[in-house]
Amino acid sequence: MKQNFSEKRKLPRFLCHAVFKECSLGILNAHYAVTPINYHHQGIGLYTASPLPDVKAAMLIVNYQAEEESLKRLEFAVQIVHAIELDTGCQYGVSFDSKTKMNQALHTELLRIETILANTAGNDDRYGLFT
Amino acid sequence: MEKLLSHKILVEELELGMHVLELDRPWLETNFLIQGFIIQDANEIDELKRQCEYVFIQGKVEAKKPYIEKRKDSRGLFARLTDKINPESQNEAVSTKPGPPKNKIAYINKISFEKEVSAAHQSYDNAKTVAKSLMEGIRLGRVLDMNQSRAAVNDIVDSILRNNNALVWLTKLKDKDEYTAEHSLNVCILSVAFARHLGHDESEIRKIGLGGLLHDVGKSKIPIEVLDKPGRFTKEEFDIMKMHPIYGRDLLASLPQAEHSSVDIAYAHHERIDGKGYPRGLSPQQIPYYAKVVSLVDVYDAITSNRTYDKGRSSMSALDIIYQNKGTQFDEELALEFIKCIGIYPPGSIVELSNHHFGIVIAGNDESKLKPKIIGVMDDEKKWKKQVIIDLFKDPVDKNGQILTILQEIPDGTHGINIKEFIKNGLVIS
């Protein structure tokens, strides 16, 4: 048996559907529409039909709306830390991990989004299909 | 809407799992203590044969809103072209065009996971050999053996009709060095399980299974250095990869014994509902129904599979992607059905229980996917323990009298619990 496993993801990831509306990545002066998949306050999983340019740095633009709030928009620098590009679609792991660079207001807002998603998430029934 | 029907059936035709409602004589004139039961073993069939000539069994039929295609003919290009060549076959072909089942069949497991797993293992090994030789054979210029493929698929369908968990459990065997063959096989297995879940009849399930096995056959025409590239594709390489549905169509359409449905699946399994798929960018009504079914399975298995350069993602990650792309990449109704079919804890998931013991899911409960059947393998002190079956649907309790629940799913390999080793070594259930 393998004994050397270490879990990379320490934070639960919440399904993006309840809050996120439109997302795109700005890379080298171009914008690419992406589908937000799952989220925690340190990063987001994104998905596209075709591969993105092979770069690390990008600008993430997210439009999101919590219940009874107006639509909000955030635009901030991120790092593409993981890419799996398959013939079926492409997955990207995007990190917000820049504690030294990120201003406090943005960090607070990212935490707030996580709280909203956590509050709307079904405990066991992630997709609301089994209860 | 479901209604229960009673069918008269000769005792010679009885099978395990059938629900006997009435006999051909009063229950009190027989040795049966319970008036109405599900046949659990062969002895009960023998006893029915001894005491009766015929019985009445339960058949469940779900009336479903018929699937309405906006287009006159939703079948794929190859099927329609063939009609032009053989106009006399057109009426029959249109009346049997593939779509969701009008009368959904509710299948039940005829035998337990524990009894099926050994036969499933044999079917899996045989089919894997077929899948490997199929791809390698085409590369070497051999003609694809459809009979061999059909035989392998038939074994898989038979196993999944007996029990829908045993072969799905084996799809967790993800060997990074044999991705292409294993992926074809896993897509076949999961497509059959999904078709069963959707309530298709047996002949349709076999067609979907065969299409699943052959869906990526066109990849045998992609240069190995592109197909097995360990990492990101260049744009040129991705464009080459995107040719495989066309190669698959050409390969299968050249075989006189190939089924239209397999050609359609190979050609259209990368089409998307939003019209942004490839190779043709079809609109939703133009995408053959079977290709919509297999495309979901294809994505799920691709995401959860290990590659030479990276570990596969969790079942949850794949289901998240399917859920978030319903209505854009995938048919929305089918996507939700697929998530229901796989469930939150599919066979092979490793879970931590509320008493901090650990187990492996071996079977979902159709009545509650959140309460699967698991095998306990490790205690709360992270020590291996005797493997025992825990059926969460029966609300078992811990030593404090609290009902056991699943606390969380944990990644394969955590605390040394490695699913591949359990599958390879076999379960030692007491």
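B:S191 counts as buried because its relative accessibility is 0%, where buried means under 20% relative accessible area, exposed over 50% and partly exposed in between (1.4 Å probe, protein chains only). This serine lies in helix α7 (residues 179-198) of chain B. The model is predicted: local features need pLDDT of at least 70, side-chain atom pairs count only at pLDDT 80 or more, and totals for chains, interfaces and linings use all residues. Residues are numbered from 1 along each chain as its sequence is written, chains are lettered from A and ligands numbered from 1 in the order written, and side-chain values use heavy atoms, without hydrogens and water.

**Surroundings of B:S191**
- Beyond its neighbours within four places in sequence, B:S191 is in contact (heavy atoms within 4.5 Å) with B:I208, B:G212, B:V294 and B:V297.

**Nonpolar cores**
- A nonpolar core is a set of buried Ala, Val, Leu, Ile, Met, Phe, Trp, Tyr and Cys residues joined through side-chain atoms within 4.5 Å.
- The largest such core has 97 residues, and B:L144, B:I156, B:F194, B:L252, B:I322 and B:F338 have the most contacts inside it.
- Helix α7(B) supplies the largest share of this core, 11 residues.
- This core lies between domain 2 (113-342) and domain 3 (350-425) of chain B, because both give residues to it; the bounds come from an automatic or database domain assignment.
- Another core, of 31 residues, lies apart from it and includes A:F14, A:V19, A:L25 and A:I113.

**Helix α12 of chain B**
- Helices are DSSP runs (H or I, at least four residues), numbered from the N terminus.
- Helix α12 (residues 260-268) of chain B is mostly covered, with eight of its nine residues buried.
- Among these buried residues are B:V263, B:I265 and B:Y267.

Definitions and conventions:
Helices (H or I, at least four residues) and strands (E, at least two) are DSSP runs, numbered from the N terminus.
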